Amino acid sequence: MAVPSVKESFSAKINQVTIGATAAEGGTRTRTVTIGGDTGLPLAGFEARYPNPPALVMEVSNTGADGWPPETKKHMADVAGDVGKWAAKCEQWGADMVCLRLRAAHPDEGGRSAQDCAGDVKAVLESCGLPLIVWGVDVPEVDNVLLPKCAQIAAGENCLLGTAKEKNYRTLAAACLADGHKIISESPCDINLAKQVNILLQDAGVSLEDIVIYPTTSALGFGMVYIYSVMERARLAALAGDRLLQQPVLLNVGEETCRVKEAKVPQDEQPGWGPAQARAPLWEAATALGLVEAGGGLFVLRNPEALAQVREAVGRVWPKAQ
Amino acid sequence: MFAIGERINGMFKNVRNAIQSRNKDVIHGVARKQLEAGADALDINVGPTKGKAVDNMLWLVETVQEVTDKPLCIDTPKFDVMQEALKACRNPRIINSTKATEEDLERYVALAAETGSRLIALTIDASGVPADVDGRVMMGATIVTKAMEGGLDISSIYIDPVILPVNVAPKVPQNVMEAIRQLKLISDPPPKFVIGLSNVSQSCRETHLINRIYLAMAIAAGLDGAIVDVTDRELMEAAITAELLMEKQIYCDDYVAAYMRSK
């Protein structure tokens, strides 16, 4: 008697989103990055297709790397004062993309002007050919001046700009539409809000195919499981046909991991935890990999050793193209 | 909910006149209005129009498929008219409907399988509409068995447990819901269910109110689709809300718009 097939098949799939524009497309990037396209639940290579492995993004901050765990900071200590040099180094580290965090624009960080931050974007675009994410400071009055300026200076480069939230999305949506960028749709680990922000963006004229979902992120041991759960529920709904959840997902792993003591404290404070030099990248890589299994498409990392570890691990488990 | 628009039916005067005078514009208009309101399929029924049923039906099918690729639900009691209409229909097809007698099921299941159509099967046999839950359940089971024997996949079957007007058949609304609940257990995957919703309020006064409350109740019992007035916005919102409350959709504040835009 033949054993019946238990392969699942779904009526819908995850959107593919391309970030970056080469000269042929009107930009100056040396390559583009495409994420998403999964036709089934994560990593089920026997029953679905996965055209794009997760993209690994390195974070660059225009406030430098002060306060980052020493074992992470050591990698970029020589370039952390210069966003252009830092971005170039990210390319050497093997990143697929760069994520420029414009933290200096925050009032608590000195309130760097929108003009100067746009200059930072320009510097990164000139020194590094990787596709770019530009990320504001989550203060509406600041972002609504800052991000349009950055969108303008990066016009034609098909960046990914963030973030749009339920209470502040119109200005960013307009800027992305005007200058041809993709948009990050943020919601605080809340699947209902994730859908709602997407429908608000759609109302504002953004195509659902130009959106990347950011459900926020928590480190391993500090709430990663909640992010995993939201991603899993969203993925199931997406594959069943919910167009408001079919967007690929971005995770902000580096920043969240750097906050936790497991990534930071030296071994003499916690002898049982082993050497800090292994722990910093390992906590970041383990968090990222847990969320790869949840179907994440874009991972923003800080530690280049973590990037290497994630790349190698994904290479081992990612379903081969048929 | 699989919403089958009910308006292209010769019992409505404007449709009847349009069929008689071969006025495509009117039919196109009725079709478009239903599609814009969110119809997933369109019921096509010549009703009491004068002239040969097969000619009227063929004209109607041809006219409607000019303006949509959505499934057409061919609604006629005549087997020969059904055969001709299915041949002429380029869109996905739904046979509306067969009764649950042996002979009817055999030939309609064969027709559905040959033509790659879905089939709506009523729980009515030679003795008429069953008086209670058990009669509907037995016929539902017969429908499923006959479908499988005839090579028709369970996903191509819609069982219609025949809703009747609440004023003259007060127990039937409950019986239909209970029959759906019971029949959902007989196979894995379970069969799907549709009803002709407007029947529940026929010759009652509060037709819209009765229709939308019953639709919500029946969705909770497991109803998958219905032949409805899709242009009744409150009715559609009730159905979408019932499905939300049955966890068929994830909530967001604009869940109605989200549902409508997903079509």
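The buried residues of helix H8 of chain B (buried meaning 20 or more other C-beta atoms within 10 Å of a residue's own, with C-beta atoms placed from the backbone) are Ile210(B), Asn211(B), Arg212(B), Tyr214(B), Leu215(B), Ala218(B) and Ile219(B). The model is predicted, so local features need pLDDT of at least 70 and side-chain atom pairs count only at pLDDT 80 or more, while totals for chains, interfaces and linings use all residues. Residues are numbered from 1 along each chain as its sequence is written, and chains are lettered from A and ligands numbered from 1 in the order in which they are written.

**Helix H8**
- H8(B) covers residues 207-221; helices (H or I, at least four residues) and strands (E, at least two) are DSSP runs, numbered from the N terminus.
- Its buried residues pack against H7, strand S7 (192-196), strand S8 (225-228) and helix H9 (233-245) of chain B.

**Chain B overall**
- Chain B contains ten helices and eight strands.
- Of its 263 residues, 46% count as buried.
- The C-alpha trace of chain B spans about 50 × 45 × 35 Å along its principal axes.

**Pro170(B)**
- Pro170(B) lies in the loop between strand S6 (157-160) and helix H7 (172-183) of chain B.
- Pro170(B) is exposed (12 or fewer such C-beta atoms), because 10 other C-beta atoms lie within 10 Å.
- The C-alpha atoms of Pro170(B) and Gln83(B) are separated by 36 Å, the two residues being 87 apart along the chain.

Terms used. The expected span of a helix is 1.5 Å times one less than its number of residues. Two residues are in contact if their C-beta atoms, placed from the backbone, lie within 7 Å.
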